[in-house]
Amino acid sequence: MASPSRVPKEVPGSYGFPYVSAIRDRLDFYYNQGQDKYFESRVEKYGSTVVRINVPPGPFMAHDPRVVAVLDAKSFPVLFDVTKVEKKDLFTGTYMPSTSLTGGYRVCSYLDPSEPTHAKVKQMLFSLLASRKDAFIPAFRTHFSSLLATVESQLVLSGKSDFNALNDATSFEFIGDAYFGVLPSASELGTTGPTKAAKWLIWQLHPLVTLGLPKILEEPLLHSFHLPPFLVSGDYKALHKYFSAAATKALDTAETLGLNREEACHNLLFATVFNSYGGLKVLLPGILSRIAGAGEKFHQRLATEIRAAVEDAGGKVTMAALEKMELTKSAVWEALRLDPPVKFQYGRAKTDLEIESHDAVFAVKKGEMLFGYQPCATKDPRVFGATAAEFVGDRFVGEEGSKLLQYVYWSNGRETESPSVGNKQCPGKNLVVLVGRLLVVELFLRYDTFTAGVGTDLLGTKVEFSAVTKATSGPEA
Ligand code: HEM
């Protein structure tokens with residue numbers, strides 16, 4: 001028989017009145033409290049890290065805003081277990097953007113692993129990434145060394161340099177180059193790719209963001225109704241044209257996997273522009289801001305480690321050299337822990353379930369929507385201690401440190417686990433961590449230290465360089 005503490009409890013919390021409470025909660029989420037406070041205050045109110053709450057956007061886009069929120073490191077991983085949760089049509093949560101934004105197809109991110117197309121598309125992406133693995137480091141170095149040269153000239157001209165703006169243009173070029181060997185800027189897209197991509201992203205994510213406009217404008221425009229897809233169809237067509245011409249090899253592979261070429265092309269576009277480009281738009285400013293905030297002494301430690309490993313590798317940035325950079329690796333994981341670029345995860349209970357938090361076991365019914373706000377789980381003080389909310393750059397160094405990696409969840413799975421065709425973990429996991437490390441490496445091969453101002457942006461962090469100190473030793477001094 002179960003011990004008393006193991007007897008499943010009712011999940012505490014309240015959804016309030018239909019419509020009215022969901023709208024009130026949405027206003028709390030966006031304007032009155034902000035995201036972190038919205039969740040933390042409800043955990044406090046009900047004395048539980050598993051609570052019933054409404055999530056945005058609510059009326060009139062989501063037909064049901066009610067979820068069971070899992071807000072600690074112990075309960076959160078239920079969302080990774082595809083034997084327990086169904087992941088169909090809930091990539092963006094309680095609403096789903098129109099499939100006319102994705103060529104009429106439900107793309108991989110919206111598919112449950114039980115749907116046969118899921119494995120085929122995910123396999124296509126694994127094959128693409130494997131076939132291009134030797135292109136990532138040189139492409140990154142080319143595009144981001146040129147970005148840093150621009151930062152330096154902007155600093156000379158105006159004393160500041162907006163990293164996000166440069167990153168938006170550079171990441172788009174880098175991904176096209178790395179995945180397909182075709183620069184978007186050399187295609188018919190010219191330099192319009194990043195703007196077209198950003199507009200298309202907004203059409204899918206507007207229910208979840210605020211642009212900082214008065215709420216009287218934002219509520220009806222962004223949070224209550226879908227923006228009409230036809231207003232972005234020209235931009236999407238132009239992006240699609242690039243993919244059907246640049247990705248012929250990947251599309252040939254897709255056909256051998258049994259995928260329809262058109263469906264594969266829309267999926268490649270989504271994985272490249274939404275998952276990869278959308279991810280890098282948030283990831284790289286996030287990492288940069290944390291490294292900036294860690295200060296000069298930490299910069300010195302990074303520079304020493306990075307330069308020694310690169311020198312050992314004959315002055316080259318190689319995979320083997322990157323593997324040796326324990327502090328650099330740790331700092332990137334720490335940034336991903338504190339600022340996971342994708343903060344919300346969802347899953348629908350496949351059966352009646354028991355969910356365990358640190359303190360209790362809760363009963364959830366089949367069909368209920370589970371939701372995780374990742375920063376609450378990855379900043380759990382019961383796992384990361386008194387410094388849980390702080391950037392500790394060497395947190396994951398050494399044997400003890402690496403034991404904590406299982407609690408890093410940014411990829412929709414534990415950092416110690418791997419994506420597969422049977423799960424929903426991000427297939428870009430290794431690439432994302434690689435790119436994060438490459439940014440830090442590029443910075444400290446070039447600079448001894450730097451300073452930057454940090455603010456907030458539409459989807460994450462905004463970073464503006466204010467000074468860089470050129471390297472006085474090492475391969476690039
Ligand atoms: C899935 C995060 C980059 C392709 C996911 C999920 C997360 C995530 C959290 C799971 C979403 C869910 O089901 O709830 C990120 C972040 C990235 C990034 C933060 C960058 C910073 C990439 C890249 C690719 C990619 C580079 C390129 C292949 C995908 C795909 C899925 C996915 C296709 C759906 C997986 C499936 O259906 O099994 N990603 N990702 N992502 N990601 Fe990534």
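Biologist: Which residue does Arg42 meet in a salt bridge?
Modeller: Keep in mind that this is a predicted model. The side chain of Arg42 comes to 3.5 Å, N to O, from that of its partner. Arg42 sits in helix α2 (residues 35-46) and the partner in helix α1 (residues 20-32), 17 residues apart. Both are buried, and the partner is Asp25.

Biologist: How many residues apart in sequence are Arg395 and Glu334?
Modeller: Their side chains meet in a salt bridge at 3.0 Å, N to O. Arg395 lies in the loop between α14 (381-384) and α15, while Glu334 belongs to helix α12 (residues 326-338), so the pair ties together parts of the chain that are 61 residues apart.

Biologist: Are Arg395 and Glu334 buried or exposed?
Modeller: Buried means under 20% relative accessible area. By that cut-off, both Arg395 and Glu334 are buried.

Biologist: Why is α12 described as largely enclosed by the rest of the structure?
Modeller: Glu334 is one of the buried residues of α12, and others include Trp333, Arg337 and Lys329. Because the buried residues make up twelve of the 13 in α12, the helix is largely enclosed by the rest of the structure.

Biologist: How far apart are the end C-alpha atoms of α12?
Modeller: Start with what to expect: at 1.5 Å a residue, the 13 residues of α12 should span 18 Å. The model agrees, with the end C-alpha atoms separated by 18 Å.

Biologist: What is the relative accessible area of Lys365?
Modeller: Lys365 forms a salt bridge with Asp352 at 4.0 Å, N to O. This pair links distant parts of the chain, with Lys365 in the loop between β8 (361-364) and β9 (369-373) and Asp352 in the loop between β6 (344-349) and β7 (353-356). Residues count as exposed over 50%, and Lys365 is exposed, at 54%.

Biologist: Which strands stand at the edges of the open sheet of three strands?
Modeller: The order in this sheet is β1-β8-β7, with mixed pairing. A strand at the edge has a single partner, so one side of it is left without a neighbour in the sheet. That applies to β1 (9-10) and β7.

Biologist: Which residue in β8 is the bridge partner of Glu10?
Modeller: β1 and β8 pair in the parallel sense over two bridges. For Glu10, the bridge partner in β8 is Ala363.

Notes. Residues numbered from 1 in each chain as written. Predicted model: local features only at pLDDT ≥ 70, side-chain atom pairs only at ≥ 80, totals over all residues. Heavy atoms only, no water. Helix = DSSP H or I, 4+ residues; strand = E, 2+ residues; numbered from the N terminus. Buried < 20%, exposed > 50% of the residue type's maximum accessible area, 1.4 Å probe, protein only. Pairing = 2+ DSSP bridges. Expected span 1.5 Å × (residues − 1).
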